[in-house]
Amino acid sequence: MSEEEIYDKSLEKFGMEAQILMCIEEMSELTKELCKNDRGVENSLKIAEELADVEIMLEQIALIFKVGKLVEIFKQEKLAKLSRLIGVENDRV
């Protein structure tokens with residue numbers, strides 16, 4: 001089963017509102033782990049786990065709002081801007 005099929009099934013099972021709230025929850029869990037790390041706690045493994053959760057939820061949000069292609073366009077534009085800001089030109093962006 002593809003990622004998109006899994007996302008579709010989860011939306012069918014849990015509903016759009018629940019998945020949006022779950023995305024918010026997962027982002028706050030990542031925030032919490034990043035704050036812990038800033039206070040000196042070595043929690044790279046937990047940060048990686050929370051990043052995975054957030055990425056999965058963000059992909060579902062893109063699917064819910066049908067903005068996946070727009071996200072990619074904005075991402076490329078923002079990467080190009082960042083590349084210019086740091087003084088590196090990147091052909092791939």
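**View 1. Salt bridges around E33.** K32 forms a salt bridge with E33, and the closest N and O atoms lie 3.8 Å apart; a salt bridge is here a side-chain nitrogen of Lys or Arg within 4 Å of a carboxyl oxygen of Asp or Glu. The model is predicted: local features need pLDDT of at least 70 and side-chain atom pairs count only at pLDDT 80 or more, while totals for chains, interfaces and linings use all residues. Residues are numbered from 1 along each chain as its sequence is written, and side-chain values use heavy atoms, with hydrogens and water left out. E33 is buried, at 3% relative accessibility, whereas K32 is partly exposed, with a relative accessible area of 45%. K36 is partly exposed, at 27% relative accessibility. Because K36 and E33 are three residues apart in helix α2 (residues 16-38), about one helical turn separates them. Helices (H or I, at least four residues) and strands (E, at least two) are DSSP runs, numbered from the N terminus.

View 2. The side chains of E50 and K46 meet in a salt bridge of 3.3 Å, N to O. These two residues, E50 and K46, are four residues apart in helix α3, so about one helical turn lies between them. E50 is buried at 4% relative accessibility, and K46 is partly exposed at 31%. Elsewhere, salt bridges that share partners join K32, E33 and K36 into one network. The count of salt bridges comes to four.

**View 3. The nonpolar core.** The largest nonpolar core has five residues, namely L11, C23, M57, I61 and I64. Helix α3 (residues 44-64) gives the most to this core, with three residues. A nonpolar core is a set of buried Ala, Val, Leu, Ile, Met, Phe, Trp, Tyr and Cys residues joined through side-chain atoms within 4.5 Å. Leaving aside residues up to four places away in sequence, I64 touches L11, M16, Q19 and I20; contact means heavy atoms within 4.5 Å.

View 4. The 21 residues of α3 should span 30 Å at 1.5 Å a residue, and the end C-alpha atoms are 30 Å apart, which agrees; the expected span is 1.5 Å times one less than the number of residues. The buried residues of α3 are I47, E50, V54, M57, Q60, I61, A62 and I64. These buried residues pack against α1 (3-14), α2 and α4. Just after α3, K66 takes a positive phi of about 55 degrees.

**View 5. M27 beside V54 and L58.** M27 belongs to helix α2 and is partly exposed, at 34% relative accessibility. Not counting residues up to four places away in sequence, M27 touches V54 and L58. The C-alpha atoms of M27 and L58 are separated by 9.3 Å, although the two residues are 31 residues apart along the chain.

**View 6. A nonpolar surface patch.** L79, L82, L85, I86 and V88 form a nonpolar patch on the surface, with about 480 Å² of accessible area together. Patches are made of residues with over 30% relative accessible area and no salt bridge; like charges are joined within 9 Å and nonpolar side chains (Val, Leu, Ile, Met, Phe, Trp, Tyr) within 5 Å. Accessible areas come from the Shrake-Rupley method with a 1.4 Å probe; for residues, only the protein chains shown count as cover. L85 is found in helix α4 (residues 68-85) and is exposed, at 65% relative accessibility.

Definitions and conventions. Buried < 20%, exposed > 50% of the residue type's maximum accessible area, 1.4 Å probe, protein only.
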